[in-house]
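Reader: I have a model on my screen and a list of labels for it. I want to know what stands behind each label.

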Amino acid sequence: MEKEQPEQSNRRDFLLRFGAFGALILAFGGFARHLLVYFTPKKQVVKTHKYLVAKVDEIPLGKAKEITIHGKPVFVVHLENGFKVFSGVCTHLGCIVKWEENNDRFYCPCHKGIFDRTGQVVGGPPPRALDEFKVAIDKNLVFIEVTDKMKGPWT
Ligand code: FES
């Protein structure tokens, strides 16, 4: 039997140690990756939807326009400081409010809830203002922006 040369032995030891070290690094890397995935919160992608609700010049100052989105009423109101868009669903028990142009207010016929032109409660049982949507004006068009997480008139 041939006796190993010291040089061969060193090489084999080196390769064994290198291989063991590499395996350790790979194992630790895999473990660290799992830890990182476990402790890193998932990014939630929030989609925004834009709905065209009016043209800027079609609603005179102080007037409102009612439209329907997914079967639910939405009111676009032209105020001194711009456009506001409200859900037409009463915040009391969910009846549909009406825009009363002569009284400059929203009125809920179910329990006589009253909201002013800015959607704030001014009378009756509604516990809070009408839901308001984020408005974006682009050139001559009025849009509302709704995210998936928002409660929209269609949810
Ligand atoms: S549902 Fe509108 S006031 Fe009750």
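The questions below take the labels one by one.

Author: Some ground rules first. This is a predicted model, where local features need pLDDT of at least 70, side-chain atom pairs count only at pLDDT 80 or more, and totals for chains, interfaces and linings use all residues. Residues are numbered from 1 along each chain as its sequence is written, and side-chain values use heavy atoms, with hydrogens and water left out.

Reader: What are the domains of the protein chain, and where do their bounds come from?

Author: Domain 1 covers 1-43 and domain 2 covers 48-147. Such bounds come from an automatic or database domain assignment. The centres of the two domains, taken over C-alpha atoms, are 66 Å apart.

Reader: What makes β1 and β2 edge strands?

Author: Start with the sheet. It is open, has 6 strands in the order β1-β10-β9-β4-β3-β2, and its pairing is antiparallel. β1 (48-55) and β2 (64-69) each pair on one side only, and that makes them the edge strands. Neighbouring strands are turned by 30° against each other on average, direction ignored. The angle is taken between axes, which are lines fitted to C-alpha atoms. A strand here is a DSSP run of E with at least two residues, numbered from the N terminus.

Reader: How do you know that β2 and β3 pair?

Author: Two strands pair if DSSP finds at least two bridges between them. β2 and β3 (residues 72-79) have 6 and run antiparallel, so the pair meets that cut-off. Lysine 65 has valine 76 as its bridge partner in β3, and threonine 68 stands opposite proline 73. The hairpin of β2 and β3 has 2 residues between the strands, and histidine 70 takes a positive phi near 50° there.

Reader: How many bridges join β3 to β4?

Author: 6 bridges join them, and the strands run antiparallel. Valine 76 stands opposite valine 85 in β4. β3 and β4 also form a hairpin, with 2 residues between them.

Reader: Why is β3 called mostly covered?

Author: 7 of its 8 residues are buried. Buried means under 20% relative accessible area, exposed means over 50%, and partly exposed lies in between (1.4 Å probe, protein chains only).

Reader: Where do cysteine 90, cysteine 108 and cysteine 110 fall on that scale?

Author: Cysteine 90 has 5% relative accessibility, so it counts as buried. Cysteine 108 is buried too, at 2%. Cysteine 110 has 39%, so it counts as partly exposed.

Reader: What makes cysteine 95 and cysteine 110 a disulfide?

Author: The S to S distance is 1.9 Å. A disulfide is a pair of cysteine sulfur atoms within 2.5 Å, so this pair qualifies. A search of the whole structure finds 1 disulfide. Cysteine 95 lies in the loop between β4 (82-87) and β5 (98-100), and cysteine 110 in the loop between β6 (105-108) and β7, so the pair ties together parts that are 15 residues apart in sequence.

Reader: Why is the disulfide of cysteine 95 and cysteine 110 called left-handed?

Author: Its S-S torsion is about -95°, so it is left-handed.

Reader: Which side chains make a polar contact with the side chain of arginine 117?

Author: Arginine 117 sits in the loop between β7 (113-116) and β8 (121-123). Its side chain makes a polar contact with that of glutamate 80 at 3.1 Å and with that of aspartate 104 at 2.7 Å. A polar contact is a pair of N or O atoms within 3.5 Å; within protein, one must be able to donate a hydrogen and the other to accept it, and residues adjacent in sequence count only if both atoms are side-chain atoms.

Terms used:
Helix = DSSP H or I, 4+ residues; strand = E, 2+ residues; numbered from the N terminus. Axes fitted to C-alpha atoms, helices over the stretch in contact; angles between N-to-C directions.
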